[in-house]
Amino acid sequence: MGFRQMLNAFLLFVAALFAATPLLAQRAPLFKDEVLPVLEKSCMKCHNPKQTMGGLDLSTFAGLMKGGASGPVIAPGKPGRSLLWVMVESDKMPMGGSLSAAQKQLLRTYIEQGRFPTAEMDAAQLAKEAARITPEARQWWSFRVPVKPAVPAVKNAGTVRTPIDAFVAEKLAAKGWRMQPEAERVTLARRLYFGLTGVAPTSAEMQAFLKDTSPEAYAKLVDRLLESPRYGEHWGRHWLDIAGYSDTRGDAGDSIREVSWKYRDYVIQAFHKNKPIDRFLLEQFAGDQLVNYQPGTTPRPEQVEALTATGYLRTIADITDNQTIYEVDKYFDALQKTVETSLSSVLGLSIGCARCHDHKFDPILQKDYYKLTAVYQSTWDPENWLAANLGFGPWPSRMVLDIPADKRDAWIKDVTSSDAKTIRRLDDLLEATYQRFRAELKAGRELTPERRVELRKIIEDDPDLEVDRNATKDFVSDKELDARYPEFAKWKEELLTRRANRRKKQSEIDPNFIEAAWDVSKTPSPTYILQRGNYLAPGAEVQPGLPVVLDDAAKPFAFPKPEQHPDWHHTGRRLALAKWLVARENPLVARVFVNRVWQFHFGEGLVKSVDDFGMQGEKPSHPELLDYLAVDFQENGWDLKRLTRQILLSQVYRQSSAEVAEYLAADPSAKLLWRKPPLRLEAETIRDSMLAVSGLLNEKMYGPHEPIKRGADGQWLEDESKGDPNRRSLYLTQSRTRPVAFLHAFDAPTMTADNQTQRFRSALPTQSLALLNGPFVRRVSLAFANQVWEQSKGDTAVALHRAFVAAYSRPPTARELAIGQQAIASETDPKEGLRLFLQAILGANDFLYSY
Amino acid sequence: MKPFLSRRQALQEAALGFGGLALSSLCALGAEPQSFDLRPKRPHFPAKAKNVIFLYVGGGPSTIDMFDPKPLLRKYDGKPAPFEIKGRALNGSQEVMASPWEFTRCGKSGREISNLLPHFQKVVDKVSFVRSMQTDRIDHSTAQFTFVTGRGFTGFPTLGSWVNYALGTENQNLPGFVALGEGASIGSRAHSSAWLPPVYTGTSMRADAKAPIYDIKRPDDMSGAQQQKLLSVVNQLNREQKGRHPLDQDLEARIANYELAARMQLEALRVADLSAESQATRDLYGVDEKVSGPYGKLCLMARRLVESGVRFVQIYAGGGGNWDTHSNIVGQLPGLCQYVDRGMAALLIDLEQRGMLQDTLVVWSGEFGRLPTIEARNAAPGRDHNPYGFNMWMAGAGVKPGFDYGMTDELGYAAVPEFRVGHADIHATIQHLLGIDHQKNTFFYEGRNESLVGVTPARVLNEILL
């Protein structure tokens with residue numbers, strides 16, 4: 001053996017030490033680092049989440065502890081009584097092979113000394129509970145059930161119209177301050193239109209309001225706008241922010257969620273029809289259980305709405321559809337994000353902090369977090385995962401298949417047939433080929449006939465082809481590729497013929513899908529406290545429960561026992577939780593919701609940290625007012641329109657936004673509500689109002705998301721070739737990675753984070769660029785100019801007057817008129833000058849703010 | 001890190017008011033709304049690097065075929081590996097495949113670089129390799145999320161956002177964080193600010209002299225004079241309106257933003273105009289070459305951006321095709337290497353010639369590498385993902401030239417344990433070079449002080465620093 005060979009042999013030995021079987025010291029092996037790799041290699045071909053042979057899934061700790069059809073496979077500390085050990089020791093498993101001596105030893109040591117959930121762990125948790133959840137902790141303001149306070153009697157009550165005003169005036173009076181007088185009527189009406197409908201008023205609407213000089217004119221307008229479908233859309237948009245709604249899935253290619261819009265429509269309709277909010281929350285958290293939906297069946301007509309509502313639990317970014325890899329932690333992440341987002345939105349607590357450890361500031365224990373997780377585990381069961389994909393992937397998926405019962409089996413057979421799979425594959429191949437060719441051309445590489453054959457071969461050889469169905473086609477279109485390479489036409493023809501044949505078979509079946517949540521089993525896998533949030537380091541097992549600090553110490557909340565309800569198709573866990581959420585005794589939910597309504601109309605909540613009512617959050621600026629509204633809301637049937645009316649009829653809301661230098665210096669954000677703070681409009685309100693002002697707005701409600709496309713400079717915008725570009729913004733496809741540029745510039749959320757309960761109202765130069773150069777504003781200004789020009793028959797003074805009334809609901813001042821006249825006169829084509837000026841009107845601050 | 005100026009001060013200097021005012025509850029501490037802007041901020045300690053150019057090669061480049069030759073692979077070529085190679089459960093293969101390409105010993109450091117990278121061979125002395133990278137993620141999206149955000153899931157801010165949040169940027173007429181090119185499978189989330197204020201999101205730019213940023217180009221149907229007039233009219237209308245709200249500082253910032261937008265328009269178009277470069281420079285980057293041109297342009301544009309004061313530039317190298325060489329690696333990798341080789345080498349040479357390399361950090365990495373074994377399920381073989389051991393490199397500001405840190409085993413399979421380097425270590429090191437303490441660069445979000453590194457143990461790789 002030469003030196004070099006010896007060296008190689010030595011290095012090889014060293015490398016083997018590092019890379020292969022770990023050396024076993026006298027300690028318990030770790031599940032993740034040592035045990036799992038052995039199971040992965042030798043057992044998981046048959047015992048995995050998809051193919052649980054013998055009912056056993058060894059990809060997770062919970063699966064290992066759960067055992068299979070023959071019962072548990074591990075008896076902690078007792079290898080001789082552990083089926084796992086008995087089977088591998090005798091070489092009965094793995095089938096057709098055997099473990100090495102070292103691997104066997106590892107498993108044996110693990111069973112003998114490994115860390116398993118024990119009674120001591122439970123005891124330790126209880127001890128922590130006693131230490132952290134003290135009577136004092138229960139006394140935190142937001143954990144006490146609100147009591148309706150008496151309305152203060154205010155001296156000098158000139159500005160007090162409603163109880164709300166009394167609470168606010170009292171605080172102001174303490175400083176010797178007062179509210180502002182009522183805003184001017186035009187300002188007030190615009191405020192209502194923006195605040196309730198999210199669209200600027202038309203000239204005619206404003207005229208009608210100004211004509212009505214009765215004392216009830218304002219209240220009548222409030223009522224009228226609350227009944228407008230625009231109100232359902234505008235409030236719906238806010239709730240969709242809170243729910244974290246998106247039309248894309250957030251997976252690798254950020255694929256489109258084909259039927260997400262049904263949940264969006266449910267939300268809009270709920271607000272439009274004034275569904276009581278307690279019912280609204282019950283349906284979203286547990287609609288399936290509310291109507292006792294039987295999974296795998298066609299829903300009865302009266303079940304459809306409640307099932308659609310559970311779309312609330314399907315909004316988080318989901319990367320669990322890549323099934324080629326056993327990364328079970330993705331499932332846990334999706335489960336946990338759903339728990340965190342859905343609950344923090346109504347509880348106003350940062351429960352996510354307790355995923356990895358007890359909450360540092362709030363009395364929320366890690367155990368509490370996992371008790372809540374257990375409530376959801378019957379739906380999002382990491383041991384029994386439902387794929388997100390519709391049609392293109394495995395079936396069943398998390399779509400409710402709403403189809404005549406007699407056609408159901410035939411349809412499922414059809415979509416899961418090998419023929420269907422082949423066609424999906426062909427579909428993928430064609431799309432991938434286009435994309436690949438496009439990329440090659442873009443990179444400047446020659447596409448010789450040989451190279452083209454080679455490329456296609458590469459694509460065909462790739463078993464887990466990732467196809468981005470929304471990829472940009474800006475460089476060269478599919479059509480051009482067809483023309484350039486004749487084989488494309490041939491491939492396409494082949495595919496289309498096969499598709500067409502298949503369509504014939506299937507044409508009479510067109511199911512209605514609902515992306516819903518339901519319990520996949522009445523006996524979900526157990527939930528463990530995950531140490532440091534790591535699913536491979538489970539601690540004590542927990543049962544569904546409430547956070548201790550919110551629970552009744554004397555009589556803890558009891559979740560139902562599904563085995564006692566044979567007629568249930570579910571565990572009843574989420575329904576129980578939802579009923580607790582909307583119970584009179586719940587100290588948080590009504591407060592949090594009422595606060596969000598306040599925030600919606602004032603820009604900030606009475607509690608400014610709208611998602612954090614805990615100890616790190618801000619305390620309410622007007623605690624009595626908050627409690628008054630919360631209790632009143634509960635006492636009056638959780639009636640959102642009633643609550644909104646109360647707020648909007650108050651002097652607090654109706655006062656002007658005047659700048660009082662003294663107050664401004666002491667309280668710049670008007671925390672004390674000494675004025676109605678001006679607000680920069682949200683992205684959607686700006687866009688929708690521009691469409692309305694220019695006469696383009698299509699008020700059609702509901703339905704599938706409007707398509708978007710990539711524009712010439714790469715930005716995403718409305719696709720007028722495939723849809724209507726003039727519908728309200730919330731009907732445009734809302735993508736996590738391809739946001740419509742104009743909306744994105746004005747801080748519309750992309751849901752890159754889980755949800756967004758507060759809009760940024762930033763002032764960025766990119767907004768100015770969008771208003772100067774953006775294709776949307778150019779398109780709108782042209783339509784606006786055409787309309788005004790026609791109406792004014794070329795008289796520029798009339799045109800300017802009309803334009804100001806349309807955009808700002810008021811005539812121009814003399815100076816504004818002069819600026820306009822000058823701008824128009826300086827262009828040779830006055831219509832072009834008018835367009836330029838109208839673009840300026842739409843891009844100026846007067847249009848972007850509500851006062 | 002808190003900005004040095006109060007909100008009020010920030011707004012009074014409205015000409016610099018390049019920022020977003022967040023609602024106070026997004027930063028629940030502190031009574032007054034905190035201001036978030038891009039103005040330059042002092043680092044925690046003196047910095048070696050002022051700017052970063054991050055050459056991000058998504059898809060899993062085969063670093064054992066590019067930078068990390070393993071002679072032992074030849075011995076086992078076509079034979080089972082002498083120890084277990086873990087692959088994905090689907091396509092585990094134990095059959096070793098030697099690198100199909102020759103390597104040449106290069107430069108004073110004498111490191112062997114694949115002949116697929118003739119230009120990079122000439123600049124290898126300028127870079128420091130980290131040869132013992134490891135990640136705990138085996139599929140593209142989670143590994144990419146990990147590499148840019150520190151977490152294997154969607155929803156967290158990216159490295160460039162954190163850097164802009166901490167340091168701001170030098171040129172207020174350009175974005176502080178620019179993303180060039182395409183090719184991250186996680187799309188724009190690879191440069192998103194997630195829950196950091198939107199002002200820290202990476203702006204997509206293109207090497208297109210006419211339209212490098214959305215809405216930067218004057219519309220075709222509007223003349224320059226008309227645009228001037230539009231700006232002037234908007235300004236007059238805004239002044240009129242401001243007269244009705246004299247104390248409102250947001251309005252002042254918005255008025256200034258129009259001026260700023262006009263300056264950005266000039267500045268961005270100027271930076272994107274590569275024809276302003278000398279022929280020698282254009283040739284260096286190969287911008288007129290067919291294969292290397294597209295990436296060369298991106299690299300040249302990155303230099304121009306950094307030269308103009310942009311803090312962080314991230315270049316995606318996916319536009320040329322697919323680094324995810326599961327099949328036919330022999331056919332594919334040469335083209336991919338040719339696509340990036342010239343541009344990345346030129347960037348180092350050019351930066352050095354201009355004296356910019358000393359305060360510009362250049363980082364090159366993918367989300368993982370590829371296995372030394374064959375992925376033979378396809379007719380033309382390739383290599384599967386390798387998160388256990390791969391190479392990345394850094395050069396410039398404060399990084400030792402010609403240095404190697406760590407190693408993989410003799411097959412190039414797994415990082416030798418005592419040298420293991422993870423994404424968090426790289427994040428700590430990059431921030432350290434910029435004068436940022438990775439534990440202090442935090443943002444209050446959902447009840448906790450979040451950072452890029454989070455709870456992942458991280459250390460600054462002092463060994464590779466000057």
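Predicted model: local features only at pLDDT ≥ 70, side-chain atom pairs only at ≥ 80, totals over all residues.
Residues are numbered from 1 along each chain as its sequence is written, chains are lettered from A in the order in which they are written, and local features need pLDDT of at least 70, side-chain atom pairs count only at pLDDT 80 or more, and totals for chains, interfaces and linings use all residues.

**Chain B**

Select chain B, which holds twelve helices and 16 strands; helices (H or I, at least four residues) and strands (E, at least two) are DSSP runs numbered from the N terminus. Of its 466 residues, 62% are buried, that is, with 20 or more other C-beta atoms within 10 Å of their own, the C-beta atoms being placed from the backbone.

**The largest nonpolar core**

Next, select Leu55(B), Ala302(B), Val313(B) and Ile315(B), the residues with the most contacts inside the largest nonpolar core, which has 346 residues. Such a core is a set of buried Ala, Val, Leu, Ile, Met, Phe, Trp, Tyr and Cys residues joined through C-beta atoms within 7 Å.

Centre on Leu55(B). Beyond its neighbours within four places in sequence, Leu55(B) is in contact with Ile315(B), Ala317(B), Met344(B), Val362(B), Val363(B) and Trp364(B); contact requires C-beta atoms, placed from the backbone, within 7 Å.

**Where the chains meet**

Display both chains: 91 residues from chain A and 97 residues from chain B form the contact. Among the elements of chain A giving two or more residues to this side are helix 1 (3-19), helix 18 (418-442) and helix 34.

**A helix pair in chain A**

Select helix 31 (residues 775-792) and helix 34 (residues 830-843) of chain A, whose axes come within 8 Å and cross at roughly 120°. Axes are lines fitted to C-alpha atoms, for helices over the stretch in contact, and angles run from 0 to 180 degrees between N-to-C directions. Residues making the contact include Val777(A) and Phe784(A) of helix 31 of chain A and Leu834(A) and Leu838(A) of helix 34 of chain A.

**Asp667(A)**

Finally, select Asp667(A), in the loop between helix 27 and strand 5 (679-680) of chain A. Asp667(A) counts as partly exposed because it has 18 C-beta neighbours inside 10 Å, a class lying between exposed (12 or fewer) and buried (20 or more). Show Leu672(A) and Trp674(A) as well; Asp667(A) touches both, not counting residues up to four places away in sequence.

Methods: Contact = placed C-beta atoms within 7 Å.
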